[in-house]
Each structure stands twice: as C-alpha cells, then as structure tokens.
Amino acid sequence: MSALRHIIYREWITRVRRKAFILGTLAVPLLVVGSMAIGWWIKQGDTQESRVLVVDVAGMVSQWDERFESWVPICPECFPERASLTYRFAAEGMEDEAFIASDFDVMVVFDDAILQHHKAMYYYEQTPGLDLQSRLKTDLSVALERFKVKATPDLDFSAYQRLKTQVSLVGQDIVTRDGHAVGRSLVGFVFSLFLFMQILIYGMHVMRGVIEEKINRIVEVVISVVKPSVLMTGKVIGIGLVGLTQFIALSILVWIITLVGGMWLEHADVLKSSSDALVGLDLESWIAGQAELNFLLDVNWPLMIASTAMFYVAGFALYAASFAAIGAAVEQESDAQYFLIPAITPLMISYLLAFMAIENPEGSLAVIASFVPFTAPVVMLIRIPLGVAWWEVVLSWLGVVLTAWVLLRMAGRIYRVGILMHGKRPSLLELIKWFRHAD
Amino acid sequence: MERIPALAISQIVKSFRAHQALKGVDVRVNEGGIFGLLGPNGAGKTTLIRMLTGITAPDSGSISFFGTPLNRAHIAQIGYLPEERGLYKSMRVGEQALYFAQLRGMQRQEAEKRLRVWFEKLEVEGWWNREVADLSKGMAQKVQFIIAVLHEPRLLILDEPFSGFDPINAQRVRDAVIELKEKQGTTVLLSTHDMGSVEELCDEVALLNRGEVILDGPVHALREQARDGRFTLRFRGTIMEFTVAIGASAELIQVLHSESTVGEHEVMLRLSPEGDISSWLHWISGEIKVVACTPWKPSMRDVFIETVESRESNSIPS
C-alpha cells in the first residue's frame with residue numbers, strides 16, 4: 001500500500017508542478033474571462049456616449065420650442081434620455097465642415113419622403129456601432145409611427161400601441177414547470193465536453209507514461225520492487241488525480257473570478273436594469289433580467305460539479321485501462337495509432353451522442369447512451385442539469401465503475417506481459433495471447 | 001555443518017512458447033561472496049535474474065533465499081541493477097533516488113542520510129537538485145548503482161554494472177562492490193562479460209550456455225583446471241627448426257608471440273601424457289636455445305571461450 005501511495009504521488013507531483021500544467025490551468029479561465037472582457041470592452045466602445053443630431057426637415061418628429069429656443073421631440077418618450085445616447089434636433093442639416101467641427105457623432109437626415117421609402121440618411125466621421133444603429137432605427141421608427149398615427153384622424157396612438165402585438169415563445173415542461181431545459185442542457189454539454197477532453201488528454205498521458213518507462217527500461221527496476229498491477233494502478237490513479245486537480249482548480253478559479261468580477265461589475269455600476277437605464281443591479285439580479293442567461297440561475301452547480309468529478313473518476317479509469325495496455329504493447333507513440341482507434345472510438349461516439357443529446361436530452365438515444373458504460377460519463381452529464389432521478393445517476397455511475405474495474409483487470413494482464421516485451425509491434429492476436437497467458 | 005547458501009537455485013526450467021530459455025539450471029551462491037554469472041548473449045542469464053527479482057516465475061524448479069523459498073517478502077532484501085536501466089527524466093536526481101528508496105519501504109529521513117553518504121562516496125554530490133536529463137551516462141549509472149544498494153540488501157544482483165563507465169569510475173564502482181562485500185557481508189551476484197572484473201572480484205562463477213550450466217566452481221580452481229598441462233616456452237630459432245626438434249614429444253598448440261628481429265618466439269605447448277616437464281626441458285635445451293619456460297595460466301576469458309566453443313563444437317551434429 002505504501003508503494004502504491006508513492007507511485008501515485010510521483011505520477012501526480014511530476015505533472016502538476018510542470019509549468020505547462022500550471023499555465024494551462026490558469027489559461028482556461030483567463031481565456032474565458034479575457035474573451036468576455038474583450039467583448040465587454042468592445043461593447044463599452046459601442047455604448048460610449050453618442051450625440052446624435054436628428055435633422056427633421058419636414059418637422060414630422062420635432063417642433064420649435066419657444067421656451068428653450070430649440071427644436072424638441074414632439075414625442076419625448078420616443079427618444080428616451082439614455083446615459084449613452086443623447087438626441088438633439090434641427091430642421092436644417094449642417095455643412096460637412098461644421099459637422100466635423102461639432103461634438104455630434106452622427107447626423108440623421110430625412111424629409112417627408114421617408115414616409116414612402118422608409119429610409120433616412122445618416123452621416124458620421126467614425127462608423128457607429130451596431131448597438132447605436134439599432135437604437136436609432138428603433139427610436140426613429142417609433143417616432144414616425146406616432147406621426148403616422150396622428151396623421152390618421154380615426155386612429156388613436158395609445159390604442160394603436162395597445163393593439164400592436166409581438167409574439168415571443170416561452171417554453172415550459174408540463175410536469176416540472178421548467179422553462180430553461182435547453183439552456184441547462186447546454187451547461188451539461190459544456191461539462192461533458194470538458195470531461196471528454198480530460199479523459200482523452202490524461203488518457204494519453206497514461207499511455208505516454210507507460211511508453212516512457214518501457215523505452216527507458218525504468219520499468220524493470222520498478223517491477224522488481226512492486227507488482228506490475230500496482231505500478232499500473234498507481235499510474236492510472238496518479239494521472240487521473242492530475243485531471244481531477246485541474247478540474248477542482250478550474251472550478252475554484254471560475255468561482256473566484258465570478259465572485260470578484262461580479263463584485264467589481266456591481267461596484268463599477270456597470271450592470272443596469274433593462275427596464276430602467278439608470279438603476280444599477282447586483283450580478284444575480286442582472287443575470288435574472290437577461291432572458292438569454294437566466295437559466296444559469298436554475299442550474300444546481302454543486303451537483304453538476306460533483307457529478308462531473310464522479311463521472312470523470314470512473315470514466316477516466318475505464319478509458320485509462322485501455323491506454324495503459326496500449327502503452328505496454330508498443331515501444332513508440334506512432335505504433336500506438338494502430339490500437340488507439342478502437343480504444344477511443346467509444347469516446348468519440350459519446351461526444352457525438354452528447355452533441356445530439358442537446359437537442360433532445362430526454363430522447364431514447366440520450367437515455368440509453370447515458371446507461372452504456374462507455375458513453376455514460378459524457379452523455380449523463382447533459383441529462384443531469386435537467387433533473388434526472390438520483391437512482392438513474394447512481395446506476396449509470398456504478399455501471400461505469402464496474403466496467404472500469406473489469407477493464408483494469410484485463411488491461412493489467414496485457415500490461416504485465418507487454419512492458420517486458422521489446423521488438424516488433426504485436427498483432428491483436430498476440431495481445432489476446434498475452435492476455436490469456438499472463439499467469 | 002554445511003552453511004546455508006544465500007541462493008540455492010534448483011532445476012529451474014523456463015520456456016517462452018517453443019523456446020526453452022532455461023533447461024534445469026542448478027546454481028548455488030554462497031553467502032558473503034561475489035558470484036559471477038557468465039555466459040554468451042542469449043544464454044539465459046537475464047531470464048534467471050528476472051526470476052530472482054520476482055519479475056517472472058519459473059515453469060518448474062525451486063529457488064531458495066537464505067534457506068527459505070523465495071517470495072515477494074524477500075524483495076526488500078534484494079538490490080537489483082538491471083543491464084537495461086533508466087531514470088525518470090522529469091525528476092530531479094535526489095528526489096528520484098528517494099522515490100526508489102521509499103518504494104523499497106525505507107523511511108525518508110534514513111534514505112536521505114544514506115544517500116548523502118553514497119553521493120559523496122561516488123562523487124555525485126552537487127547533483128542532488130539537478131534534472132536527470134542533465135546527467136552524463138556515467139553519472140546516471142552511478143545514481144542507478146546507488147539506488148540498487150541504498151537499502152543495504154543481503155543479496156545484490158548486478159547485471160553488467162561496469163558497462164558505460166570510464167576506467168576511473170569503473171574502478172570506483174568495483175571498490176564499492178568490494179566494500180559492500182567486506183564491510184556489510186553483502187552477497188553479490190554479478191552478471192558480466194567483463195572478464196577482468198570477474199577475475200578481480202568473483203569468488204565463484206557459473207557459466208551458462210543455451211539455458212544450461214556448463215561450468216561452475218571457484219574462479220582459481222576453474223583457471224587451474226583449464227590449464228590442462230599447458231605451458232609456454234620462449235626460444236631462439238625458427239618455428240620450423242623447433243617443430244622438427246620437438247617431434248612427437250610435445251604438442252604445439254599455438255604460437256603466442258614472435259620477434260623476428262632477434263629470432264625469438266613464444267609458443268604454447270602441451271606434453272604427451274607420459275612426459276615429465278623437467279626431463280623434457282633438460283632434453284630440449286640441448287636441441288634449441290631456450291630463453292624461458294613458464295606454466296600457462298588461462299584467464300577467465302580463455303576459460304569462457306574454450307568452454308563455450310568446445311560445447312558448441314560437441315553439439316554440432318556429425
């Protein structure tokens with residue numbers, strides 16, 4: 001037991017202290033946060049205060065106000081005051097030089113022809129962002145709608161607005177009353193994709209580790225001290241723990257970044273209510289207000305993280321057994337390709353099934369795949385955020401554990417013969433012979 | 001009373017599919033001695049050693065370790081330096097030596113203390129925190145040797161321990177092996193093709209060929225036995241004159257050395273079974289100019305080659 005502990009520790013420590021591991025672990029959340037920050041920064045650029053001059057030649061949306069001695073909107077609520085957008089009105093456009101010299105960013109010009117062709121010209125020195133263009137279109141459309149309604153004596157604008165209808169679809173599970181199934185299955189997919197990558201990456205670590213020991217002939221010294229099965233078990237557990245360490249580190253990092261980032265966003269008053277442009281919000285309320293994000297609040301994150309860890313452990317053991325046996329059978333990585341294809345095919349299939357399961361997470365294909373030991377680790381993670389009965393999760397996990405145990409024993413037989421064999425790559429038939437005559 | 005041997009290998013048979021690697025091998029290694037396991041490539045030495053280290057098991061036969069059947073519990077009392085050996089490149093030197101010591105059940109502190117002593121003895125100090133990848137071949141070999149002996153095993157198995165060393169470091173390791181034998185009473189099983197080391201270190205040897213022990217015994221006895229009545233004679237004259245002179249009284253086995261400038265030759269001879277060396281020497285001195293006559297003592301290299309070649313020629317079907 002002591003030897004196994006030392007082997008596990010060696011496999012773990014020699015990997016987690018590598019710069020590549022540390023940088024790789026830090027890089028994932030930094031990349032995610034970095035890309036979000038860049039997106040936010042770009043958006044900030046778009047939403048910086050823009051001053052727009054609306055040149056309403058025909059006086060359809062603006063009028064002269066004697067008190068202010070300036071043009072004001074006929075319908076002020078059609079052009080709401082926003083922190084990032086200020087409107088000014090005029091009946092005549094500015095000369096180019098005057099516009100360039102002014103503090104206006106955009107000048108929108110239209111006359112009554114807009115009623116026919118629904119087009120307004122706009123001038124700028126720097127191209128306005130899509131967000132600003134969208135707001136301009138919306139505000140101008142509403143103001144012109146109001147003008148048209150007013151110009152139609154038998155139409156009341158408030159009645160028109162009441163009648164105006166825009167339909168959006170809100171789904172809900174009839175039994176669970178759950179309306180965010182697709183969003184949550186996407187969360188499951190992100191976790192299952194991560195698990196798929198971890199199994200593949202660290203499974204390859206197992207194979208390379210075995211090949212290194214075999215090529216360097218270290219294995220002869222080690223197995224003169226411990227049984228080959230102990231060495232293989234230690235290697236699988238140790239490298240498996242590297243993947244688990246990375247997962248835990250990433251979970252903690254993401255949690256810290258969310259916490260600190262959320263506090264900063266709240267403090268910086270960046271998060272605003274969509275209904276009231278000036279009211280700041282905490283992160284959770286802000287997410288709740290975003291239709292496309294509020295499913296994140298429905299996800300049971302601790303359950304998701306725990307399930308991923310559990311299925312990673314069992315799934316990794318299952319696949320690592322094959323990787324260890326392949327490593328023992330060959331003397332260089334290029335020879336391993338021959339055996340790798342059948343070994344990782346079930347893993348690739350589970351990835352494809354997971355992709356298909358996002359569309360229909362409770363379909364029979366996804367349900368069956370979540371119980372097949374070779375595909376269960378990846379596919380079950382998509383179903384879990386939707387609320388799977390606990391016994392289904394346990395049954396699926398036990399199936400993976402049992403299969404992993406059987407495969408580890410089988411791989412151990414090939415491993416103990418293979419690690420001392422040198423020369424040409426064995427055929428599948430020879431591997432079967434090794435397995436049968438390992439005793 | 002007969003002493004219990006460190007190793008008693010009895011009637012070991014091992015086959016790999018159709019190939020019989022060991023065909024009933026018997027070897028007895030006395031405690032506290034250095035035993036040479038010799039043999040040409042493919043003779044079965046590594047297979048036998050792997051059985052002693054528990055890596056493989058025999059098909060039949062028995063191995064006893066200090067009087068009890070060899071089992072995994074004995075592994076902690078065996079040190080093993082395989083011929084094909086390596087180190088983990090991703091580890092530092094000291095850390096790696098500690099890892100192997102702990103695998104063998106040693107406490108970290110004790111292992112560290114002993115390692116410091118060995119590192120100093122073999123002049124590896126200063127390499128403790130260096131990467132294994134930075135080590136020269138000879139330096140790596142010394143670290144591997146230290147890993148094999150650190151836990152003070154009762155039986156130390158060394159498979160080609162001197163290969164790759166320069167003469168100075170090879171001597172350093174030889175001295176360390178002798179010290180282990182003399183100070184700790186370690187029994188050493190040495191498998192090597194370096195016959196100089198065998199003569200210098202080994203008390204007894206066994207010669208394996210094609211899975212069988214074809215010769216075994218104390219080194220000095222084997223060399224004496226291999227002399228087979230042969231002696232060397234240095235004379236002045238020509239080989240032709242010498243051949244005519246000795247006639248059938250002696251067998252000219254080999255011309256060892258010729259110095260044509262002074263017309264001197266050194267030859268190896270064997271007298272006929274009824275011949276007496278002193279009367280023969282007296283007689284031949286009258287026929288040719290004898291410069292020197294010495295009994296021939298074969299080296300272990302000679303013993304090895306003659307024994308294997310003789311066995312090989314006997315085994316060729318007529």
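Reader: How far apart do the C-alpha centres of domain 1 and domain 2 of chain B lie?

Author: Domain bounds come from an automatic or database domain assignment. In this predicted model, the assignment for chain B gives domain 1 (7–218) and domain 2 (230–295). Their C-alpha centres lie 45 Å apart. Residues are numbered from 1 along each chain as its sequence is written, while chains are lettered from A and ligands numbered from 1 in the order in which they are written. Because the model is predicted, local features need pLDDT of at least 70 and side-chain atom pairs count only at pLDDT 80 or more, whereas totals for chains, interfaces and linings use all residues.

Reader: How many helices and strands does chain B have?

Author: Helices (H or I, at least four residues) and strands (E, at least two) are DSSP runs, numbered from the N terminus. Chain B has 10 helices and 14 strands. Its C-alpha atoms fill a box of roughly 75 × 45 × 40 Å along the principal axes.

Reader: Which residues of chain B have a positive phi although they are not glycine?

Author: Most residues other than glycine have a negative phi. Here, B:Glu152 has a positive phi of about 50 degrees, and B:Arg210 has a positive phi near 50 degrees. B:Glu152 belongs to the loop between helix H4 (137–149) and strand S7 (155–159) of chain B; B:Arg210 belongs to the loop between strand S9 (204–209) and strand S10 (212–218) of that chain.

Reader: Is B:Glu152 buried, exposed or partly exposed?

Author: A residue is buried if 20 or more other C-beta atoms, placed from the backbone, lie within 10 Å of its own, exposed if 12 or fewer, and partly exposed in between. B:Glu152 is partly exposed because it has 13 C-beta neighbours inside 10 Å. B:Arg210, with 18 other C-beta atoms within 10 Å, is partly exposed. Buried residues make up 35% of the 318 residues in chain B.

Reader: How many residues of chain B are in contact with chain A?

Author: Two residues are in contact if their C-beta atoms, placed from the backbone, lie within 7 Å. By this criterion, 19 residues of chain B are in contact with 15 residues of chain A. On the side of chain B that touches chain A, the largest share, 4 residues, comes from helix H2 (residues 93–103) of chain B.
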